[in-house]
Amino acid sequence: LGTILAEVFDGQAGPAIRYLPTFWTNDRESEEALAFVEENCRGALFASRIPRAVAIARSMAEAVSLFEPRFRDSKGAEAYRAFVQEFLTTTEVAHV
């Protein structure tokens, strides 16, 4: 992974390129992987984290929106709402 990241970023991440960690779990392996990516992406990650969540998997399997009433209050839907807010805020600042 380090070699791939080095080739993609050539030591830098452009300000127009940002990444969103998805299917995040709060365990040691995820923490170590995220630390590695953060170090190699040099600030090109969004602060939001999309967790591994049953509601996300079910909504995708059923081809329905994660924001339908039965999934709306799930951790996955909340995480995507937080990401959208973060994205809009950072995009708005970048285009001012």
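Here is a walk through the structure, from its overall layout to its core, its rings and its charged pairs. Keep in mind that this is a predicted model.

Let's start with the big picture. Out of 96 residues, 28% count as buried. The chain exposes about 6,800 Å², and 57% of that area is supplied by carbon and sulfur atoms.

Now for the inside. The largest nonpolar core has ten residues: F46, I50, A53, A55, I56, L66, F71, A77, A79 and F83. Two helices give two or more residues each to this core, namely α3 (54-61) and α4 (75-94). Helix α4 brings the largest share, with three residues.

Setting aside its neighbours within four places in sequence, F46 touches R18, Y19, L20, P21, F83, E86, F87 and T90. One name on that list, F83, leads us to the aromatic rings. A search of the whole structure turns up three aromatic pairs. Among them is the pair of F46 and F83, which sit edge-to-face, with 5.0 Å from centre to centre and 85° between the planes. F46 is in the loop between α2 and α3 while F83 is in helix α4, so this pair ties together parts that lie 37 residues apart in sequence. Both of these residues, F46 and F83, are buried.

F83 has another ring partner: F83 and F87 make a tilted pair, 6.0 Å centre to centre with 45° between the planes. Here both residues belong to helix α4 and are four residues apart, which is about one turn of the helix. F83 counts as buried because its relative accessibility is 16%, and buried means under 20%. F87, with a relative accessible area of 37%, is partly exposed.

Together with V84 and L88, F87 makes a nonpolar surface patch of about 260 Å². V84 lies in helix α4, and at 41% relative accessibility V84 counts as partly exposed.

Next come the charged side chains, where the count is three salt bridges. One of them joins E32 and R28, at 3.6 Å from N to O. Both residues sit in helix α2, four residues apart, or about one turn of the helix. E32 is partly exposed at 46% relative accessibility, whereas R28 is exposed at 63%.

Another salt bridge pairs E38 with R49, with the closest N and O atoms 3.1 Å apart. This pair links distant parts of the chain, as E38 is in helix α2 and R49 is in the loop between α2 and α3, eleven residues away. E38 has a relative accessible area of 39%, which makes E38 partly exposed. Then there is the salt bridge between E62 and R70, at 2.3 Å from N to O. E62 is partly exposed at 38% relative accessibility, and R70 is exposed at 53%.

Back in helix α2 (residues 28-41) you'll find S30. Is S30 buried or exposed? With 16% relative accessibility, S30 counts as buried. Leaving out its neighbours within four places in sequence, S30 is in contact with W24 and T25.

Over in helix α3 there is A57, which is partly exposed with a relative accessible area of 43%. The C-alpha atoms of A57 and G76 are 9.4 Å apart, though these residues are 19 residues apart along the chain.

Finally, look at A63 in the loop between α3 and α4. Its phi is near 55°, a positive value in a residue other than glycine. Why does that stand out? Most residues other than glycine have a negative phi. A63 also counts as exposed, at 70% relative accessibility.

Definitions and conventions
Residues are numbered from 1 along each chain as its sequence is written. This is a predicted model: local features need pLDDT of at least 70, side-chain atom pairs count only at pLDDT 80 or more; totals for chains, interfaces and linings use all residues. Side-chain values use heavy atoms; hydrogens and water are left out. Buried means under 20% relative accessible area, exposed over 50%, partly exposed in between (1.4 Å probe, protein chains only). Contact means heavy atoms within 4.5 Å. A nonpolar core is a set of buried Ala, Val, Leu, Ile, Met, Phe, Trp, Tyr and Cys residues joined through side-chain atoms within 4.5 Å. Patches are made of residues with over 30% relative accessible area and no salt bridge: like charges are joined within 9 Å, nonpolar side chains (Val, Leu, Ile, Met, Phe, Trp, Tyr) within 5 Å. Accessible areas come from the Shrake-Rupley method with a 1.4 Å probe; for residues, only the protein chains shown count as cover. A salt bridge is a side-chain nitrogen of Lys or Arg within 4 Å of a carboxyl oxygen of Asp or Glu. Rings of Phe, Tyr and Trp (its six-membered ring) pair if their centres lie within 6.5 Å; planes under 30 degrees apart count as stacked, over 60 as edge-to-face and the rest as tilted.
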